[in-house]
Amino acid sequence: MNVHEKKYTEEHEWIELSEDGKTGTIGVSVYAAKSLGDVVFVELPALDAEVTAGDSMGAVESVKSASDILTPVSGKIIEANNVLEEKPGTINKSPEGEGWIARIQVKDGGELENLMSMDEYAKFTAE
Amino acid sequence: MKLAGLLPQRRQASSDASTSNGGLKYTALHEVHVSSGGKMVPFGGYSMPVQYSDLSVGDSHKWTREKASLFDVGHMVQHRLCGPGAAPLLEKITPSSTASLQTNHSTLSCFLHPLTGGIVDDTVITRLGPELFYLVTNAACKANDIAYLEEQIEFRDTSHGAVEWEVLNDWGLVALQGPLSAVILQRALVTAGVEDVDLKALYFGQCKHVTLNLFRKQSSEPDTPILISRAGYTGEDGFEISIPPALTIAFTTHLLECGGRERLRLAGLGARDSLRLEAGMCLYGHDLDDKTTPVEAGLSWIVHKDRRASGGFHGGETILRQLRPVNDGGSAPKHRRVGLIVEGAPAREGAEIVNPASPNSAEVVGRVTSGCPSPTLGKNIAMGYVKPPLHRAGTPMEVLVRGKRRKAEVVQMPFVKSRYWKPATGTSPS
């Protein structure tokens, strides 16, 4: 199995590891971004926050709702995508690219094994 | 992230249609919603569209303010009250003046609890004749309202005479809202064979029965008219149309065709909620409940001036005391509904409101009851309750959103100016 493969949670976040496997980039899926509608505000995670897999690390707000962003893995937040403060709509335009939310120093790479592959996630959302 | 409430209801393993919707009821227009890409969610015991696949909630909201939208509000409960006892009953259970309510006119009102004056439900009362009234109440309150009305009718003062009460269970109700509503509805009426109705003469708060000649041959109830009320829940010009069961799908489809997709789109509960919030209107169960009086809810205006001297309605003593100045034997309400503009993050229902001027700067003075980013203003708007005198416009506040303090300010409502069709100043509706 390719450890750098992008993985997905049942809560519609994605995570992709760096070359060295030490840091992960986290965002929300295309499917989630479509369901949310126009994102008008993003609450970014606090830098240096220590989080456990499944913790709320931020939030995405559209006209109709606020949705917590749950971290797919445990670790320490090392970077947040500040572009989203000024341009929250980037999440709609490119949720799995420029609209990434945060980078995390991964505590235990093994946690990624619990997550879904792109194919598995596609099947999950088609249900 | 949790997407509950945003996504289509999860399909059940069972393929039995009668059980696959979790016991939710369908309105007459269910098939129209599904075939138009409606995302169905549970609301008030019904499966209702929160939005449609052609527009996001924000875009549907803007479409309504710029063009026109059609909302199915068939989940709401329509009642008829008639008989010599109907007006006295309404004067007992609401703070409205039926004596001042002319035939074919409507007023916002509420059912009240005896003694406490708490709001059982908010309702629009329309007078259709000397002894005939039409009421619309909330779907989510249906069971409570029916129990309340049964009790109020049973234990009323029977010296006024009989009251007949009917719930129009299978009737359709749609809301056509937005600046193009009148043009679209006028065309829909003309093409349905109705030549003698001029909607320019039907003002906000008025209604009219209209018989649709075009549908006569298709309907098993040929002579039952539709009821067109110039009303709505968006702050825009528009109409709420009560439609007999046999005509609901046919007339709704006819309206959509007459509007055309370049002018008229279906809109769901998502846009309905952000539109009503911009218009400063309450949603029962959120901004109103049965512990709150009309005065506390900022709805003193629905306590008609003719009822303020004599009272005689449920909770009258409590409500009239709240309306009197404190130096005249009155007692100020303990909390008041206000509008808030919130900086940064949108404040949603439940968010704590903090008074930054308090010596104890963490003093919680109330809670947000509804809130969202306003598509029209590009600001975060909210309603909530605070302790007087903090309800005064201009008072700086703070709201706690996910543990962070966000600056807020009390502002007058509506947040977005209403654009109702009213007679020009100096003229009166004929």
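Select A:Glu61 and B:Arg402 to begin, where the two side chains meet in a salt bridge (3.0 Å, N to O), the term standing for a side-chain nitrogen of Lys or Arg within 4 Å of a carboxyl oxygen of Asp or Glu. The model is predicted, with local features needing pLDDT of at least 70 and side-chain atom pairs pLDDT 80 or more, while totals for chains, interfaces and linings use all residues. Residues are numbered from 1 along each chain as its sequence is written, chains are lettered from A in the order in which they are written, and side-chain values use heavy atoms, without hydrogens and water.

Next, show the whole interface of chain A and chain B, across which the rule finds five salt bridges. The contact, meaning heavy atoms within 4.5 Å, takes 26 residues from chain A and 25 residues from chain B. In chain A, colour A:Glu43, A:Val63 and A:Lys64, which lose the most area to chain B, together 32% of what that side buries; the area is the accessible area (1.4 Å probe) lost on being put together.

Now move to B:Arg230, in the loop between β11 (226-229) and β12 (238-243) of chain B, strands being DSSP runs of E, at least two residues, numbered from the N terminus. B:Arg230 is buried, with a relative accessible area of 2%, the term meaning under 20% (1.4 Å probe, protein chains only). Display the side chain of B:Asp237 as well, since the side chain of B:Arg230 touches it in a polar contact (2.8 Å), that is, a donor and acceptor pair of N or O atoms within 3.5 Å.

Technical notes
Helices (H or I, at least four residues) and strands (E, at least two) are DSSP runs, numbered from the N terminus. Buried means under 20% relative accessible area, exposed over 50%, partly exposed in between (1.4 Å probe, protein chains only). Buried area is the accessible area (1.4 Å probe) that two parts lose on being put together, summed over both.
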